[in-house]
Structures are given as C-alpha cells and as structure tokens.
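Colleague: Please take a close look at the charged side chains of this model. I would like to know how they pair and where the pairs sit.

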Amino acid sequence: MPNRTTEELNFGRLGRRHLQANFQGGDLSSDGGLMLLRQIDARTGLSRLAAKALTDRRAGGRIRHRLRDLIAQRLYGLCCGYEDLNDHDTLRSDLLMQTAVGRDQTLASSPTLSRLETGASRADAWALHQILVEHFIASFASPPQELILDVDASDIPLHGEQELKQFHAYYDHHCYLPLYVFCGQSMLACLLRPSRIDGARHASAVLRLLVTRLRQVWPQVKIIIRGDSGFCRQRLLRWCERANVQYIIGLARNTRLQTRVKLAEQVLERDYRRSGSKQRLVSEFIYAAASWNRPRHVIFSFND
C-alpha cells in the first residue's frame, strides 16, 4: 500500500502565508473541508455577491470585520455543521477557519454575527433571493427546454424561547415552517414562516415571481411545478392554468375519489391472488370537486 502521508495539497497563498495541507502535525483542525469551501466560494463569488447586495448599517468608524468576511464565516460554519452562533466563540480562533475566510487575525464573535442576522430587513432577504435566482440562471450555458420546480414546506425544530415559536401538531414539536422551492439541486427560494399557518401559504406569490423572472430570460422554457397534497389549493392551480404552467400536485384521498378507483383496486387484488406476483397499475380519470372551477386530470397508481 502506498504511503500517503508524504503528499501535500497546495491551496495557493493568503498574503505571506503559503497554504498547504499535509500530515506533519502542528496546528490541527477537524474541518479540512473549509479549504474546499473557500475554493468553491472563490469560484462562484457567493459571499462576495451577498455582501454587495446587503446593506451595511454599521457605524463606519467601528467596523473591524468586512461584511464579506462575516458572511463567509457564517456560511462556512453552517456548511461544516455549526448552526449555533455560539460555536463561533471557538471557531473565530481556529486557524483554518481564519485562513478560509481570508484573514490572519481573530474572526468575528457570536454577538457580532447575531447583530448581522437580526439586523437584516425584508429588502435584504429579497436581495439574497435575487442572487440565488441569478446564480441559477448563470449556471446554464444554453437555454433549458424544461424546468421542474419542486415546492415544499418542512420543519425547523426550535428550542428555548425563540421568536415566533409555535407548536405544530403534525411534527409534534415547536418549529418554524419554511417554504422551499428547488429546481434539481438548486435552491431558488426559502421563506421563513411561523408554523401555525397553512403550509401552502405564500406559495402562489413566490412561484409567480420565480416563473416571471425565468421566462424573462427563457421565454420558451417549459415549466412544471410539483408539490404534495398540501399545495392542492385552488388559488395555486388556477394561477398555473392562467400562466400556462404545468403542474403535478398531490390530491388527498376522499370518499368520492376512493369510489372512483375501487373497481381498479379490486381487479388488481384479484390478479394478485391468481398470479401470486406483484401487480402495478397507473391510470387516470377526469374529476372535479364541487368547489373547483373546472374538471382536471387525476392520475392514480396501485401496487399490490
């Protein structure tokens, strides 16, 4: 087996520092991935773009840390699993974190980072979302033919007495209920919300803004929206139909739907008993609830 302990990885320079990774000991850190994050950030310019978009409300004569450095420190910490700001009371003195951020001095304390986050405004959140969307658009060398936007809500558990803390019965704990929109692996929107709301709230408005921007760049792109039954809301469906946006949205079971598929379910069960092998059926029918303005296609599947 080859001896790998003699290898060195070169990460360029930081001022007079020559950045290398080796196995010779010295000042150690468990977060070697920070250097890879630094290189990714340098290539994408994410922390630099975020700093440019945000408003720096600090008093100029008291600034010790550049806004870009604060953002990079927080981003790198999150990527390494350090969600709590208190972690930065130790991380600020970590030589590898300092090197990744691009400083050779102690980094920002947790109160400094806390003021950065709590001081953010709605305009700042809007500006950061613009960066996400524009960065996604710039990642395409040529116009895509189709984009699938996945919309979903998920819980962020809360502990202690955090702001807007509310109990959610489905998740059985206190949490936030942010709204997410992804396209593949790219996050296009993340809206922080309290948990005592309809999971589909704000979805129509957020998707409308995203689709408008994407079609400004790619007028011919086919857009499909996917979501679970929590997003089966007439406001969202009707907007999709008016805007020529296709959708695949889950539909919760009810008595009428169960009656429509009962015969297919019985046939599948009979075939399973006869053959002893698993049966699968995918089909569709036209359905309209009393509150709907038009009939729609419902796709159903059975595995027996």
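Modeller: The answer starts with the whole chain and then goes through the charged pairs.

This is a predicted model, in which local features need pLDDT of at least 70, side-chain atom pairs count only at pLDDT 80 or more, and totals for chains, interfaces and linings use all residues. Residues are numbered from 1 along each chain as its sequence is written, and side-chain values use heavy atoms, with hydrogens and water left out.

The protein has ten helices and twelve strands. These are DSSP runs numbered from the N terminus: helices are H or I with at least four residues, strands are E with at least two. The C-alpha atoms fill a box of roughly 75 × 55 × 45 Å along the principal axes. Of the 304 residues, 34% are buried. Buried means under 20% relative accessible area, exposed means over 50%, and partly exposed lies in between (1.4 Å probe, protein chains only).

Now the charges. There are 43 positive and 31 negative side chains. Lys and Arg count as positive, Asp and Glu as negative; His and the chain ends are not counted. The centres of the two sets lie 7 Å apart, with each charge placed at NZ of Lys, CZ of Arg, CG of Asp or CD of Glu.

Side chains of opposite charge can pair when their charged atoms come close. The whole structure holds 16 salt bridges. For each, a side-chain nitrogen of Lys or Arg must be within 4 Å of a carboxyl oxygen of Asp or Glu.

Start with Glu117 and Arg74. Their side chains form a salt bridge at 2.5 Å, N to O. The two ends come from distant parts of the chain, 43 residues apart: Glu117 is in helix α6 (residues 110–118), and Arg74 is in helix α3 (residues 67–79). Arg74 is buried, at 13% relative accessible area. Glu117 is partly exposed, at 39%.

Next comes Lys165 with Glu161. Here the closest N and O atoms of the salt bridge are 3.9 Å apart. Lys165 is partly exposed, with 28% relative accessible area. Glu161 is exposed, with 75%. Leu164 lies in the loop between β4 (156–157) and β5 (166–168). Leu164 is not a glycine, yet its phi is positive, near 60 degrees. Leu164 counts as exposed, at 56% relative accessibility.

Then there is Arg233 with Asp198. This salt bridge spans 3.0 Å, N to O. Again the pair links distant parts of the chain, 35 residues apart. Both partners sit in loops: Arg233 between β9 (222–227) and α9 (234–242), Asp198 between β8 (186–191) and α8 (203–217). Arg233 is partly exposed, with 32% relative accessible area. Asp198 is also partly exposed, at 35%. Elsewhere, salt bridges with shared partners join Asp41, Arg66, Arg68, Asp69 and Arg103 into one network.

Asp172 has a positive phi of about 60 degrees, although it is not a glycine. Asp172 lies in the loop between β5 and β6 (173–176). Asp172 is exposed, at 57% relative accessible area.

Last, arginines also turn up around a buried threonine. Thr99, in helix α5 (residues 95–101), is buried at 8% relative accessibility. Leaving out residues up to four places away in sequence, Thr99 touches Leu14, Arg17, Leu19, Met35 and Arg38. Contact here means heavy atoms within 4.5 Å.
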